[in-house]
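This briefing sets out the strand pairing, the nonpolar core, the salt bridges and the surface of the model shown below.

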Amino acid sequence: KMGTIFVDNLEPQSGTSLTLGASGDSIALTSGAIQSNFLNPAFHAYASGGGSNQTVSDATATKITLFDTELFDTDNCFASNRFTPTVAGKYFVYSNMYWDTGTVNDYHNGAVQLRKNGTIYAMIDNNWNASGGNAMSNHVGAIMDMNGSSDYVEVYVYQNTASGASVTVYDQSNITQFGAYRIGT
């Protein structure tokens with residue numbers, strides 16, 4: 001006979017696992033029946049395009065401060081171009097960046113860095129001979145363990161050109177972005 005069981009908590013015996021149904025059975029869950037705290041906290045911020053570009057001096061690592069618009073910030077963990085999650089766990093963190101030297105045919109080394117607590121955690125580094133051009137774009141992504149209280153992440157750009165020129169990081173929403181989301185414990 002089919003029936004309904006009403007319970008507030010369903011736990012397996014100590015040292016065992018909880019099994020619902022048997023092999024070949026299907027289990028239907030109503031919309032919203034499974035709630036996960038993964039994927040939050042999460043944010044995605046970008047350069048609005050309404051301000052000024054940012055200059056990065058030669059042979060210098062510079063914190064990028066162009067992320068002035070939030071597409072979303074689920075737990076208000078993003079402020080002042082820094083992500084400080086309030087829930088411990090593993091996070092996928094990423095950034096996209098585009099810049100140019102303004103100098104055609106200039107040898108260029110550049111990196112987008114994700115810095116955890118001020119230290120380089122992950123980066124994408126390109127060496128490029130800008131023969132006939134002067135622009136570079138990068139994407140960097142990494143999985144980081146965050147403690148949920150004091151760990152933070154920021155984006156830096158390091159660049160070095162043969163001519164000693166500065167580079168311009170563009171204030172454009174579709175090319176200057178920073179984001180993260182929780183993927184597990």
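In this predicted model, strand 7 and strand 12 (residues 167–169) run antiparallel and are joined by two bridges. Asp100 has Thr168 as its bridge partner in strand 12. Strand 7 itself spans residues 89–100 and is largely enclosed by the rest of the structure, because nine of its twelve residues are buried.

**Further pairing of strand 7**

- Strand 10 (residues 135–146) pairs with strand 7 in the antiparallel sense, over twelve bridges.
- Within this pairing, Met146 of strand 10 stands opposite Gly89.
- Strand 13 (residues 177–184) also runs antiparallel to strand 7, and seven bridges join the two.
- Here Ala180 of strand 13 is found opposite Val93.

**Nonpolar core**

- The largest nonpolar core consists of 29 residues, and those with the most contacts inside it are Ile64, Met97, Leu114 and Phe178.
- At least two residues of this core are supplied by each of strand 1, strand 7, strand 8 (107–116), strand 10, strand 11 (153–161), strand 12 and strand 13.
- Strand 10 provides the largest share of the core, with five residues.

**Surroundings of Met144**

- Met144 belongs to strand 10 and counts as buried, because its relative accessibility is 0%.
- Although 53 residues separate Met144 from Tyr91 in sequence, their C-alpha atoms are 5.2 Å apart in space.
- Beyond its neighbours within four places in sequence, Met144 is in contact with Gly89, Lys90, Tyr91, Val93, Leu114, Lys116, Tyr121 and Val153.

**Salt bridges**

- The structure contains four salt bridges.
- One of these joins the side chains of Glu154 and Arg82, at 3.1 Å from N to O. The pair links distant parts of the chain, with Glu154 in strand 11 and Arg82 in strand 6 (residues 82–83), 72 residues apart.
- Glu154 counts as buried at 4% relative accessibility, whereas Arg82 counts as partly exposed at 30%.
- Lys63, Arg82 and Glu154 are linked in a network of salt bridges.
- The side chains of Asp145 and Lys90 meet in a salt bridge, also described by an N to O distance of 3.1 Å. This pair likewise links distant parts of the chain: Asp145 lies in strand 10 and Lys90 in strand 7, 55 residues apart.
- Asp145 is partly exposed, with a relative accessible area of 43%, and Lys90 counts as partly exposed at 34% relative accessibility.
- A salt bridge is also formed by Asp151 and Lys116, whose closest N and O atoms are 3.9 Å apart. Asp151 lies in the loop between strand 10 and strand 11 and Lys116 in strand 8, so the pair ties together parts that are 35 residues apart in sequence.
- Asp151 counts as buried at 10% relative accessibility, and Lys116 counts as buried at 19%.

**Nonpolar surface**

- Ile5, Val7, Leu10, Leu18, Leu20 and Ile27 make a nonpolar surface patch of about 630 Å².
- Of these residues, Val7 is placed in the segment before strand 1 (42–46).

Key:
Residues are numbered from 1 along each chain as its sequence is written. This is a predicted model: local features need pLDDT of at least 70, side-chain atom pairs count only at pLDDT 80 or more; totals for chains, interfaces and linings use all residues. Side-chain values use heavy atoms; hydrogens and water are left out. Buried means under 20% relative accessible area, exposed over 50%, partly exposed in between (1.4 Å probe, protein chains only). Helices (H or I, at least four residues) and strands (E, at least two) are DSSP runs, numbered from the N terminus. Two strands pair if DSSP finds at least two bridges between them. Patches are made of residues with over 30% relative accessible area and no salt bridge: like charges are joined within 9 Å, nonpolar side chains (Val, Leu, Ile, Met, Phe, Trp, Tyr) within 5 Å. Accessible areas come from the Shrake-Rupley method with a 1.4 Å probe; for residues, only the protein chains shown count as cover. A nonpolar core is a set of buried Ala, Val, Leu, Ile, Met, Phe, Trp, Tyr and Cys residues joined through side-chain atoms within 4.5 Å. Contact means heavy atoms within 4.5 Å.
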